[in-house]
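Welcome! Here is a friendly briefing to read with the model open beside you.

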Amino acid sequence: MENIMEDLNCVTVGTLKRRVRQRKRIHEIIRTKLQRNLSCSGSKVKSTLTGFFPVVKWLPKYKVKDYIWGDLMSGLIIGIILIPQAIAYCLLAGLDPIYGLYTSFFSNIIYFFMGTSRHVSVGIFSLMSLMVGQVVDREVYLAGFDLNEDSTKSAFGINGTGDANSTLVNLKIMALDMECGKECYAIGIATAVTFLAGVYQVLMAVLRLGFVSVYLSAPMLDGFATGASCTILTVQAKYLLGLKIPRHQGYGTVVVTWINIFKNIHKTNFCDLITSAICIIVLVAGKEIQDRYKDRLKIPLPTELVVVAVATIVSHFADLNGQFSSSISGAIPTGFIPPKMPSIELMPHVAFDAIPLAVISFAFTVSLSEMFAKKNGYTVRPNQEMIAIGFCNIIPSFFHSFTTSAALAKTMVKDSTGCQTQVSSIVSALVVLLVLLFFAPFFYALQKCVLACIIIVSLRGALRKFRDVPKQWRESKIEAIVWLVTMSSTALISVELGLLIGVVFSMICVVGQTQNPKVSLLGQIEQTNDFEDMEEYDNLSPVPKVKIFRFQAPLFYANKDFFLKSLYKATHLEPFLEITRRRKLEKKAREKAAKKTDRVDETNGDVTLNLISKNIDFHTIILDCSCISIIDTTGVSTFKMVLKDYKEVGVNVILACCNTPVIDSLRRGSFFGAGDKDMEQLSFHTIHSAVCFATSMTQTVNDSSV
């Protein structure tokens, strides 16, 4: 035993004492917070204003010589990219192109005043447009409108071939709040759901509910984005072929839409098909050149804008709409529609739909803000980001805009083109404003298939995630399964249910990992005081007569049975069965003793019982609690039961490496008994000190028996 003690290098060390913390009473905490939050002073008002409008703080410190050229360049480039995307993404949202321009304009201005990120590009986003479009189409269908695009009038009450004068007349009709057609109802739905999404986001910020985003894991978000991209691709495929198929309402949009496309494939418009093929080739070629020579190119290639300009000119002079019945964007008016309160009557219909919009919008915005802030060496305030994106939805909803979010592609372009501050957003908004005031009517002859090509090609990044599945499977099978389940449910069922299924499934996976964690017996590393898993490492020596058991998860009600089974299996000793076995042997010994003399019987009985007790080859179990971050009352009861049951069979149980929350839980559950003296014999700060205590206690018992 002395040799063992020497090998373990057991020395006496000082004891640690917990600090005594004075906990404030609840009414004192409430009073302190109320005084701090409800007090009013000049400095308080100033800090509140600068917190709510960060631009007030950073704009006076703007370094014109250092920042202006980078902001002008990135703002101009983003503005050029925004124009075709704003028009194209309205196809996804089921709205007229003018509303995409409104959305891009107002969101950039509001985020300039309220955002804390210097690089994030907030505006129209394909995923948000798709989710808004599904709500719009559903409500338009339930309202009794025909979903066939060519069967109704536009938002301004004019046919696709109307002129500017009738546009102005119908603008006045809308300003007088008179009845309008399908497109007016559609934008009413879009503004109502956008307003509610913004309200939800601001409420989440006020109530400090930003933690909700932590349940949106990266694999789940990637799978959701990829599944939504498959849906977007499917929804836009009909425009490539020039087919007039209403968007499917309900679950299984991808499957049903492709079935309808193949049923109507004989109605393909070859003008749209040829145009789509040419545009996709040009757009993909431009993207590939951009990716290959991005180090040499100082600015991104404006491929989308060139395609839109050339396609519009060709469509106008060749009269593709009149000659080949090719679907075109139609009249896009100039100027602004008077602001209007989102319809309160429509809000109950879309209150539930606004929840996933709000969550996804702020999740993408906050994650991108933090990503680029970390990359460029500054910090953002997630709570203020939630408020900013909330007001980017609330205020524009009064100006006929729909839901916005930060977009990864445009944010990366801003970062790579020298963006320094959100002044670039003002520049982008001015570019969009020029189109709104002067150039919008020139897009009248732009074919819808060209817009669909822009949308589909923009999905390249999300669809490329399919190539990463094998690598992800090798790195983490659970994360790969989460990605596959979320992607499949989003693409094959619906976007909203896909998000819900993805969140629930990823949480189930987390719970499943805590319910079946890794357990191990530890051995000592040679010539050290460290201990590791004997299954994972070679050259480890088991401590004689001591079992060191590690449980690598929190211990709570859901995994306490697994903990017990694993402990019994690792030690090859289940106390209840051992006690039962001993009782049977004792009974047999007594029955045998009754047939012999009392003296001989007593001797034989003692010998039998001694042999029974010597069957166990260890005297102490050390529970390594270093991986147990929390323990609930069920876990405390489990520890108490283990301590009691093993004690009945002559085995001591002690704890090692417990963190302070676990110790506090055990103390509240009376695990250590009345005082701290028992605690010093049941809990140790290191495995090594626990092993030394176990071996020294055995040495003391052996010496006293001798």
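In which helix of the protein is confidence lowest, and in which is it highest? The mean is lowest in helix 8 (residues 164–175), at 37, and highest in helix 6 (residues 97–114), at 92. Confidence here is pLDDT, the predictor's score for each residue, from 0 to 100, and helices (H or I, at least four residues) and strands (E, at least two) are DSSP runs, numbered from the N terminus. This is a predicted model, in which local features need pLDDT of at least 70 and side-chain atom pairs count only at pLDDT 80 or more, while totals for chains, interfaces and linings use all residues. Residues are numbered from 1 along each chain as its sequence is written, and side-chain values use heavy atoms, leaving out hydrogens and water.

**Confidence**
- The protein has an average pLDDT of 82, and 86% of the residues score at least 70.
- The pLDDT is below 50 over residues 151–178, a stretch that has 37 contacts (heavy atoms within 4.5 Å) in the model beyond near neighbours in sequence.
- Residues 600–612 also stay under 50, and the model has 11 contacts for them beyond four places in sequence.

**Aromatic rings**
- Rings of Phe, Tyr and Trp (its six-membered ring) pair if their centres lie within 6.5 Å; planes under 30 degrees apart count as stacked, over 60 as edge-to-face and the rest as tilted.
- By this rule there are 26 aromatic pairs.
- F52 and F53 form an edge-to-face pair, because their ring centres are 5.0 Å apart and their planes stand at 85 degrees.
- F52 is partly exposed, at 29% relative accessibility (buried means under 20% relative accessible area, exposed over 50%, partly exposed in between, with a 1.4 Å probe and protein chains only).
- W258 and F262 make a tilted pair, since their centres are 6.1 Å apart and their planes are at 35 degrees.
- Both W258 and F262 belong to helix 11 (residues 253–263), where they sit four residues apart, about one turn of the helix.
- F262 counts as exposed, at 58% relative accessibility, whereas W258 is partly exposed at 32%.
- A cluster linked by ring pairs includes F549, F551 and F562.

**Strand 7 and its neighbours**
- All five residues of strand 7 (residues 620–624) are buried.
- On one side lie T620, I622 and D624, and on the other I621 and L623.
- Strand 6 (residues 546–551) runs parallel to strand 7, joined by five bridges (strands pair if DSSP finds at least two bridges between them).
- Strand 8 (residues 652–656) also pairs with strand 7 in the parallel sense, over five bridges.
- D624 has A656 in strand 8 as its bridge partner.
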